[in-house]
Amino acid sequence: MLELRPGCECCDRDLPPDTREAMICTFECTFCADCAREVLHGVCPNCSGELVRRPIRPPAALARHPAATTRVFNPDCAGRKAG
């Protein structure tokens, strides 16, 4: 099950579980759509994987399986290159 991390690892922007602005890689690294597109160019800086839109968890499922609360933030994200 996806963690649904609460923020962008690059800019620390809040990404609530119902947003369509969250992007993830296969390791669930999480970025806002702006950073994924403009800074990272669709490539995860951690694993070089593709960044795709994170799915929305339906409210009933979210009540049973809440989103993660631990933030991951790397202020050096914008300066790193994947791979």
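## Cysteines, sheet and core

C47 counts as partly exposed, at 29% relative accessibility. C35 is buried, with a relative accessible area of 8%. These values come from a predicted model.

A disulfide is a covalent bond between the sulfur atoms of two cysteines. The cut-off used here is a sulfur pair within 2.5 Å. The sulfur of C35 is 3.6 Å from the closest cysteine sulfur, in C32, so the two are too far apart for a bond. C47 is in no disulfide either; its nearest cysteine sulfur, that of C25, is 3.7 Å away.

| Cysteine | Nearest cysteine sulfur | Sulfur distance |
|---|---|---|
| C35 | C32 | 3.6 Å |
| C47 | C25 | 3.7 Å |

Next comes the sheet. Three strands form an open sheet, in the order β2-β1-β3, with antiparallel pairing. Which strands lie at the edges? They are β2 and β3 (52–53), and each pairs on one side only. β1 and β3 are joined over two bridges, in the antiparallel sense. M23 has R53, in β3, as its bridge partner.

Last, the core. In soluble globular proteins, nonpolar side chains tend to be buried together. Here the largest nonpolar core has 16 residues. Within this core, C8, C10, F31, C44 and L51 touch the most other members. The elements that give two or more residues to the core are β1 (22–24), β2 (30–32) and α1 (33–39). The largest share, three residues, comes from α1.

How values were computed. Residues are numbered from 1 along each chain as its sequence is written. This is a predicted model: local features need pLDDT of at least 70, side-chain atom pairs count only at pLDDT 80 or more; totals for chains, interfaces and linings use all residues. Side-chain values use heavy atoms; hydrogens and water are left out. A nonpolar core is a set of buried Ala, Val, Leu, Ile, Met, Phe, Trp, Tyr and Cys residues joined through side-chain atoms within 4.5 Å. Buried means under 20% relative accessible area, exposed over 50%, partly exposed in between (1.4 Å probe, protein chains only). Helices (H or I, at least four residues) and strands (E, at least two) are DSSP runs, numbered from the N terminus. Two strands pair if DSSP finds at least two bridges between them.
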